[in-house]
Amino acid sequence: MQTFSGTKLALPLAAALWLALPVAGAQTMPATAPTAVVAPAGPAAAAEATPTAVAATPVNDKRVGTFKQVKGESWLGKSDARRPAAPGDGVLETERVNTGPQGAATITLKDGTVLTMGPNSTMDLSQFKYDATTQKGHFALDLLQGSVRVVTGLLAKINPDLFKISTPTSVVGVRGTDFIVETQAAQ
């Protein structure tokens, strides 16, 4: 019989491991309970109170998608006001997304569409509207250069006529659910 070392009881190894699993899992799980903030009394004291927990998503968050992965150099915005992209950053409608020579980025939109950009790519998310209640909306992406893999979400499945990808020389009407579009920079 094998025993679990470090215990005073001689247990079979399988039983010892089974008993240890819930304890080990409980130690690694993050606490999910919200932290309460108690403000001192009075208007001046309330202004000085600082919360100890930060909301995960701002109330006025207008994001239509979220960066899930970013590799190498990737940024948001046009060249005069661009900022680096990082996992968890939001993407807004009409926002430009770029990747550098060694860059790649994966963005998940609210309808479940996944956009994966390759190196040296530039795209504008021209239009994205999605109502989760009615599952209606529209999608238009302008791929200015580079490549993007698209795994479509609910919008393309429900109404593929309202899901379009444009390049400098063509417009792609979506009929599939997983495809790649590649283009050269406009000359």
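This is a predicted model: local features need pLDDT of at least 70, side-chain atom pairs count only at pLDDT 80 or more; totals for chains, interfaces and linings use all residues.

Student: Which sense, parallel or antiparallel, do E9 and strand E10 have?

Tutor: Parallel, with four bridges joining E9 to E10 (residues 163–166). Leu 141 faces Ile 165 of E10 there. With strand E12 (residues 178–183), E9 is antiparallel over six bridges, and Gly 146 has Thr 183 as its partner.

Student: How many bridges join strand E8 to E9, and how many residues lie between them?

Tutor: Eight bridges, running antiparallel, and the hairpin has four residues between its strands. Asp 131 stands across from Lys 136 in E9, while Gln 135 in the turn has a positive phi of about 60 degrees.

Student: Why is a group of residues called a nonpolar core?

Tutor: Its members must be buried nonpolar residues joined through side-chain atoms within 4.5 Å. The largest one here has 26 residues, and Leu 141 is among those with the most contacts inside it. E9 gives the largest share, five residues.

Student: How do you know that Leu 141 is in contact with Ile 165?

Tutor: Contact means heavy atoms within 4.5 Å. Leaving aside neighbours within four places in sequence, the contacts of Leu 141 include Ile 165, Leu 115, Met 123 and Val 148.

Notes. Residues are numbered from 1 along each chain as its sequence is written. Side-chain values use heavy atoms; hydrogens and water are left out. Two strands pair if DSSP finds at least two bridges between them. Helices (H or I, at least four residues) and strands (E, at least two) are DSSP runs, numbered from the N terminus. Buried means under 20% relative accessible area, exposed over 50%, partly exposed in between (1.4 Å probe, protein chains only).
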